[in-house]
Amino acid sequence: MPEDFVLLSEVVPDIILEIRYYSTYNFVGARVDGYEAPVAIMTKKAASALKEVSDELIARGYCLKVFDAYRPQKAVSHFVRWAEDLDDVKMKPSFYPDVDKSRLFELGYIMELSGHSRGSTVDLTLVEIATGKELDMGGPFDWFGELSHPDYQNISDAQKANRTILRDAMLRHGFNPLESEWWHFTLAEEPYPDTYFNFPIKLY
C-alpha cells in the first residue's frame, strides 16, 4: 500500500464496513479481483475528511456504513469483463432488472476507469445508532437505474430527507456528489486526480 494511503477503520474507528465486492452479494455475483480482505482503504487526506463527517453525524445519532472505497484497477477490469459476458445475468433481478446488460457501457454503469481507483472516493450510507438499522434511502446500493439518482423524485419525503442528511454532511466536509448515485462521493481536492492505482485491498 502506498505511504499516503491508510486503512479507513484506523482513522474512522466508528464506521461499519460492508465491503460488497469482497462478498458475492454484488452485481457480479462473485468476489471481485483485488479484494483480498473485507477492509476499506483511502488516501489519508480523504480518510481525514471522512472522519470529520463521521464525528458530525455521530453527534446527530448516525454512523457511516461503507460499501466501497479505494478500488484497484484490476477490479474495474473485472467489471468490464463481466459486462462483456452477456450470458451472465444471474444477479440481474437484484441489481439491474430494468436494464438490458448489453447497455451497461452505453448508459455509463460500467466504465474502463473508475474514480475509486484514485483512492479518494467512497460509497456509503447511514445507520441509525439507536436501532442499528440503515436509513431508508429509497433504493439500494449499486442499483442500476434512475432510482439511484440523488434527485430522484418518486420516493417518499422521509427517504429524500435521509439522502439529504448524508449528502449535506459530505458536502460540508469537502466531498462532491455524483449525479447518478446517491451513495457515491469524491473528495473535491483529491491528492491523486490523474492516478489509477492497482495495489490489492488487504490488511497491511
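Q: Let's start with helix 2 of this predicted model: which residues of helix 2 are buried?
A: Buried here means under 20% relative accessible area. In helix 2, the residues that count as buried are Ala46, Ala47, Ala49, Leu50, Val53, Ser54 and Leu57.

Q: How are those buried residues of helix 2 placed around the axis, on the same side or on opposite sides?
A: The group in question is Ala46, Ala47, Ala49, Leu50, Val53, Ser54 and Leu57. Around the axis they cover an arc of only 160°, so they lie on the same side of helix 2.

Q: How far apart are the end C-alpha atoms of helix 2?
A: Helix 2 runs over residues 44–59, which makes 16 residues. At 1.5 Å a residue it should span 22 Å.

Q: Which residue just after helix 2 takes a positive phi?
A: Just past the helix, the backbone takes a phi of about 95°. The residue with this value is glycine 61.

Q: Is aspartate 142 buried or exposed?
A: Aspartate 142 sits in the loop between strand 6 (133–134) and helix 5 (157–172). Its phi is near 70°, a positive value in a residue other than glycine. The cut-off for buried is under 20% relative accessible area. Aspartate 142 has 6% relative accessibility, so the residue counts as buried.

Q: On to the rings: what kind of aromatic pair do tryptophan 182 and tryptophan 183 form?
A: The structure holds 22 aromatic pairs. In the pair of tryptophan 182 and tryptophan 183, the centres are 5.3 Å apart and the planes make an angle of 85°. Both residues are buried. Planes over 60 degrees apart count as edge-to-face, and this tryptophan pair is edge-to-face.

Q: Which ring does lysine 101 lie over?
A: A charge over a ring also turns up at arginine 31, whose charged end sits over tyrosine 22, 3.6 Å from the ring centre. For lysine 101, the distance to the ring centre is 3.9 Å. The ring belongs to a residue that ring pairs link into a cluster with Tyr96 and Tyr109, among others. That residue is tryptophan 82.

Q: Which element supplies the largest share of the lining of the largest pocket?
A: This pocket has a volume of about 520 Å³. Of its 27 lining residues, the closest to the centre are Gly108, Tyr109, Met111, Leu178 and Glu181. Helix 3 (73–84) and strand 8 (181–187) each supply at least two lining residues. The largest share, three residues, comes from strand 8.

Terms used
Residues numbered from 1 in each chain as written. Predicted model: local features only at pLDDT ≥ 70, side-chain atom pairs only at ≥ 80, totals over all residues. Heavy atoms only, no water. Phe/Tyr/Trp six-rings, centres within 6.5 Å; stacked < 30°, edge-to-face > 60°. Buried < 20%, exposed > 50% of the residue type's maximum accessible area, 1.4 Å probe, protein only. Lys NZ or Arg CZ within 6 Å of the ring centre and 35° of its normal. Helix = DSSP H or I, 4+ residues; strand = E, 2+ residues; numbered from the N terminus. Expected span 1.5 Å × (residues − 1). Arc of directions from axis to C-beta. 1 Å grid on protein atoms, 1.4 Å probe; cavity = no way out; pocket = protein on both sides within 12 Å on 5 of 7 lines; lining within 4 Å. Points joined across faces, edges and corners; volume = space filled by probe spheres on them.
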